[in-house]
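Hello,

As promised, I am passing the structure on to you, with some notes on what turned up in it. Please open it alongside this email and follow along as you read.

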Number of protein chains: 2
Amino acid sequence: MNKTKTTYQANPRHYVAVDSIVFGFDGEDLKILLIKRKIEPLKGEWSLMGGFVQEKQSIDQAAEIVLKNLTGLDNVYLEQLSTFGEVQRDPIDRVISVAYYALIKLNEYDRQIVHNNGGEWFSISNYPKLILDHEEMVQTAISKLRRKCRTQPIGFELLPEKFTIPQLQSLYEAIWMQKLDKRNFRKKFLSMNLLDKLEEKDKENSKKGAFYYKFNKEKYEQLTSRGFIFEI
Amino acid sequence: MNKTKTTYQANPRHYVAVDSIVFGFDGEDLKILLIKRKIEPLKGEWSLMGGFVQEKQSIDQAAEIVLKNLTGLDNVYLEQLSTFGEVQRDPIDRVISVAYYALIKLNEYDRQIVHNNGGEWFSISNYPKLILDHEEMVQTAISKLRRKCRTQPIGFELLPEKFTIPQLQSLYEAIWMQKLDKRNFRKKFLSMNLLDKLEEKDKENSKKGAFYYKFNKEKYEQLTSRGFIFEI
DNA sequence: CCAAAAGTGTTCAGCTTACACCCATGA
DNA sequence: TCATGGGTGTAAGCTGAACACTTTTGG
């Protein structure tokens, strides 16, 4: 036992951090949440939200806690992206950082907490220079989101419970940065039979009003277990 | 400066390891390289190859060095997979492990070095129980490889420079564990115009012989820069 | 009554899939 | 000469892409 400990102890230990790219959608643009860094070095510069992994935290838990502290949110879609481990990525000391990305529903969101923590939302097509390798993390996250939302129903994580087909289309247009044909989009999405149409209409965005839909997760899981593959 | 150091120093440091899933293809099966663990705990059990990240190594470098030490190979396809950070994943002490996967050409391979290091090849459909969470790492790697080889020309990393279409097809069949139609496979692959046909034939696997082909990487990169997307 | 967004079908091209026979050669 | 794996073409169905007009209603 002593000998085994010794085996590990011959090796160095490292600071391990988590950094999260938090995505939101305001009906127009895909946005990311940035904060003004509160610690030296680079205090006051724009940064992803992050924190160090503590002794009794799994890295997933560390990411959840950072998100919870800065936004008040938990139970959000949060997935590991990639780990950044260049020796010199932090100018002060070596820190290995595990990047995560989160998808949150902007309207359920406590904007006050974000504001108090120096957080601000920026469009993915226009955000400030970021510290360290955070720019690379953001680009990696955007690529992953673009690819993944094609074959996994994760777009709903960015929308309210009830949404209209035009809203859903706007979301995909914002993620992919391209216009889509509304007839084809509606046809393809509805043909998967994953959306339940509600009686209610959204009258905020048009005079005619658009019917609300809900994503039926149970139906999705049922179909998936029979070999169905989501694709848009 | 002193103050900034202090900020980091309030946080714990962790052992960080890399573990690699090494894939090879012998013409029949997709295989993974496993070794008998040489350190306690669990000495003698089957394990992925791994090692601790040292002070002046990036995590990518650490993965390369582990691979080089145990197989003698460098300049192989090596990509980060995912990071495993459960607190209790190692029974002795907390270790955060970054998993990588490598694709190597079995025939260019120095089998002696592997053997000397206690390494052995196992089919992905029949390999022994692995230590810690290495089983999960392997399954994650197989999933990733299956998905990725559909849209990236990474299969060639598992084949010799010169290969025949039937060999290429066997590879995809081994990865996806399903039979493919040879006419459709050939048609689809050749229609991408990424393979250069050689004069020479492989006579090892049939009396008639099959023409060798080579993957034309330059052509692939040229097409890719014009928006071409590989897909099989 | 008009502006603005919601909603709806059809056609065509290209791709995927299924499927069966001849060829070359070594033993 | 025969067993073995290599190599080829076509037809049918399906999917993706392009495209324009009607409906509703608040102002």
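Predicted model: local features only at pLDDT ≥ 70, side-chain atom pairs only at ≥ 80, totals over all residues.

Is B:Gln88 buried or exposed? Its relative accessible area is 66%, so B:Gln88 is exposed. If you look across from there, you will find B:Leu132, which is 44 residues apart from B:Gln88 along the chain, with 9.5 Å between the two C-alpha atoms.

E6(B) is mostly covered, with nine of its nine residues buried. In a regular strand, side chains alternate between the two faces of the sheet. Here B:Val95, B:Ser97, B:Ala99, B:Tyr101 and B:Leu103 point one way, while B:Ile96, B:Val98, B:Tyr100 and B:Ala102 point the other way, and all of them are buried.

Which strands pair with E6(B)? One is strand E1 (residues 13–25) of chain B, which runs parallel to E6(B) and is joined to it by nine bridges. To find your place in that pairing, look for B:Val16, which stands opposite B:Ile96. Another is E5(B), which runs antiparallel to E6(B) and is joined to it by seven bridges. There, B:Ser82 is opposite B:Ala99.

- B:Asp74 and B:Lys68 meet through their side chains, at 3.3 Å from N to O. B:Asp74 has 45% relative accessibility and therefore counts as partly exposed; B:Lys68, at 37%, also counts as partly exposed.
- B:Lys148 and B:Glu79 form a salt bridge with their closest N and O atoms 3.0 Å apart. This pair links distant parts of the chain, 69 residues apart: B:Lys148 belongs to helix H4 (residues 134–151) of chain B and B:Glu79 to strand E5 (residues 77–84) of chain B.
- B:Lys219 and B:Asp196 form a salt bridge too, and here the closest N and O atoms are 3.7 Å apart. Again distant parts of the chain are linked, with B:Lys219 in helix H7 (residues 217–225) of chain B and B:Asp196 in strand E9 (residues 195–202) of chain B, 23 residues apart. B:Lys219 is partly exposed, at a relative accessible area of 31%, and B:Asp196 counts as partly exposed at 28%.

Over in chain A, A:Glu79, A:Lys144 and A:Lys148 are linked in a network of salt bridges.

Chain A holds seven helices and 10 strands. Its C-alpha trace spans about 70 × 45 × 30 Å along the principal axes. Of the 232 residues in chain A, 51% are buried.

Two strand pairings in chain A involve E10. Strand E8 (residues 162–164) of chain A pairs with strand E10 (residues 210–215) of chain A in the antiparallel sense, over three bridges. In that pairing A:Lys162 is opposite A:Lys214. Strand E9 (residues 195–202) of chain A also pairs with E10(A) in the antiparallel sense, over five bridges. What is the bridge partner of A:Lys201 in E10(A)? That partner is A:Phe211.

A:Lys201 brings us to the charged surface, where A:Lys182, A:Arg186, A:Lys197, A:Lys201, A:Lys203 and A:Lys208 gather in a patch of positive charge. Helix H6 (182–191) and E9 of chain A are the elements that give two or more residues to this positive patch. A:Lys182, which is found in helix H6 of chain A, has a relative accessible area of 62% and so is exposed.

There is a negative surface patch as well, formed by A:Asp60, A:Glu64, B:Glu86 and B:Glu136. A:Asp60 lies in helix H2 (residues 59–71) of chain A. Why does A:Asp60 count as partly exposed? The reason is its relative accessibility of 32%, since partly exposed covers the range between under 20% (buried) and over 50% (exposed).

Enjoy looking around!

Notes:
Residues numbered from 1 in each chain as written. Chains lettered and ligands numbered in written order. Heavy atoms only, no water. Patch = residues over 30% accessible without salt bridge, like charges linked within 9 Å, V, L, I, M, F, W, Y side chains within 5 Å. Areas by Shrake-Rupley, 256 points an atom, 1.4 Å probe, with all protein chains shown as cover. Salt bridge = Lys/Arg side-chain N within 4 Å of Asp/Glu carboxyl O. Lys, Arg positive; Asp, Glu negative; His and termini not counted. Charge placed at Lys NZ, Arg CZ, Asp CG, Glu CD. Helix = DSSP H or I, 4+ residues; strand = E, 2+ residues; numbered from the N terminus. Buried < 20%, exposed > 50% of the residue type's maximum accessible area, 1.4 Å probe, protein only. Pairing = 2+ DSSP bridges.
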